[in-house]
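Subject: Structure handover

Hello,

Here is the structure I said I would pass on. Please open it next to this email and follow along.

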Amino acid sequence: MQPFIQTDHIKLEESWKRVLLPEFEQPYMVQLRQFLLQRKQQGATLFPPTSQWFNAFDHTPFEQVKVVIIGQDPYHNPGQAHGLCFSVQPGVKAPPSLINIYKELESDLGIQNQLGTLTPWADQGVLLLNAVLTVEANSAGAHQGKGWEQFTDAAIDHLNREREHLVFILWGSYAQKKGARIDNQRHHVIRSPHPSPLSAYRGFFGSRPFSQCNGYLSEHNISPINWQL
């Protein structure tokens with residue numbers, strides 16, 4: 001696979017490369033590459049760091065995916081984003097949405113988490129996938145509509161078709177719209193409001209996604225996720 005941006009050596013985990021390699025030759029991906037390179041040349045600060053754009057795939061190989069959590073786009077403040085949705089880099093304070101996720105986890109399973117990074121979840125098979133994989137400093141949504149959505153749709157479509165008994169956790173209307181393509185007979189889909197402080201009290205709290213997820217996995221003889229960080 002050619003470097004996604006010619007000046008950067010970006011690699012994709014082998015199992016995902018096999019699945020997604022054709023996408024890199026599509027016109028939309030060529031245009032996205034040109035856009036990102038142009039923004040870099042214009043002096044824009046992109047998050048996460050280039051080497052972590054595909055971090056979700058690197059931590060969770062295709063055959064090891066058990067759970068998919070869909071986010072929107074990366075955090076846009078310095079030091080936060082590292083390629084896993086809702087997660088921040090080690091040592092960084094948890095943002096409000098993640099704090100609410102932890103509140104629901106404690107209510108649901110009695111687990112108390114303090115870390116801001118969700119890497120241990122990803123390493124167990126939780127694909128923490130943002131719909132858009134890059135953003136610009138202090139500019140939320142700056143890279144929406146540039147092609148990333150089509151790329152991540154392709155990843156979801158392959159999981160939907162080629163795997164079975166996955167759990168898709170869709171928080172908020174954006175994730176639910178993106179997950180509308182999922183086969184509800186083949187997989188288990190959990191939907192609730194977003195954990196943002198603006199919507200968490202409208203049904204996210206009390207939705208018990210973590211116990212639902214592990215219950216379904218156990219029913220299908222799949223080892224559950226240890227949500228303790």
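The model is predicted, so local features need pLDDT of at least 70 and side-chain atom pairs count only at pLDDT 80 or more, while totals for chains, interfaces and linings use all residues. Residues are numbered from 1 along each chain as its sequence is written, and side-chain values use heavy atoms, with hydrogens and water left out.

Helix packing

Two packed helices are described by the angle between their axes and the distance between the axes. Axes here are lines fitted to C-alpha atoms, for helices over the stretch in contact, and angles run from 0 to 180 degrees between N-to-C directions. Helices (H or I, at least four residues) and strands (E, at least two) are DSSP runs, numbered from the N terminus.

Helix H2 (residues 27–41) and helix H6 (residues 148–162) have axes that come within 9 Å and cross at roughly 130 degrees. That makes H2 oblique to H6; angles under 35 degrees count as roughly parallel, over 145 as roughly antiparallel, 65 to 115 as roughly perpendicular and the rest as oblique. On the H2 side, Tyr28, Met29, Leu32 and Leu36 meet Trp148, Gln150 and Phe151 of H6, where contact means heavy atoms within 4.5 Å. The residues of this contact divide into 6 nonpolar, 1 polar and no charged (Ala, Val, Leu, Ile, Met, Phe, Trp, Tyr, Cys and Pro count as nonpolar, Asp, Glu, Lys and Arg as charged, and the others, Gly among them, as polar).

Helix H4 (residues 96–109) packs with helix H8 (residues 209–219) at an angle of about 60 degrees, and their axes are 8 Å apart. H4 and H8 are therefore oblique to each other. In H4, Ile101, Glu104, Leu105, Asp108 and Leu109 meet Pro209, Phe210 and Ser211 in H8. By class, the contact of H4 with H8 has 5 nonpolar, 1 polar and 2 charged residues.

Backbone

Most residues other than glycine have a negative phi, and most peptide bonds are trans. Phe47 and Pro48 are joined by a cis peptide bond, with omega about -5 degrees. Pro48 sits in the loop between strand E1 (46–47) and helix H3 (55–59).

Asn138, which is not a glycine, has a positive phi near 60 degrees. Asn138 lies in the loop between strand E4 (135–136) and H6, and is exposed at 58% relative accessible area (buried means under 20%, exposed over 50%, partly exposed in between, with a 1.4 Å probe and protein chains only). His165 also is not a glycine and has a positive phi of about 55 degrees. His165 is in the loop between H6 and strand E5 (167–171) and counts as partly exposed at 25%.

Aromatic rings

The whole structure holds 18 aromatic pairs. Tyr201 and Phe205 form an edge-to-face pair, 4.8 Å centre to centre with 70 degrees between the planes. Rings of Phe, Tyr and Trp (its six-membered ring) pair if their centres lie within 6.5 Å; planes under 30 degrees apart count as stacked, over 60 as edge-to-face and the rest as tilted. Tyr201 is exposed at 69%, and Phe205 is partly exposed at 24%. One aromatic cluster is formed by Trp16, Phe24, Trp53, Phe54, Phe57, Phe62, Trp148 and Phe151.

A buried serine

Ser87 is in the loop between strand E2 (67–71) and H4, and is buried at 1% relative accessibility. Leaving out residues up to four places away in sequence, Ser87 touches Tyr75, Gln80, His82, Gly116, Thr117, Leu118 and Thr119.

Regards
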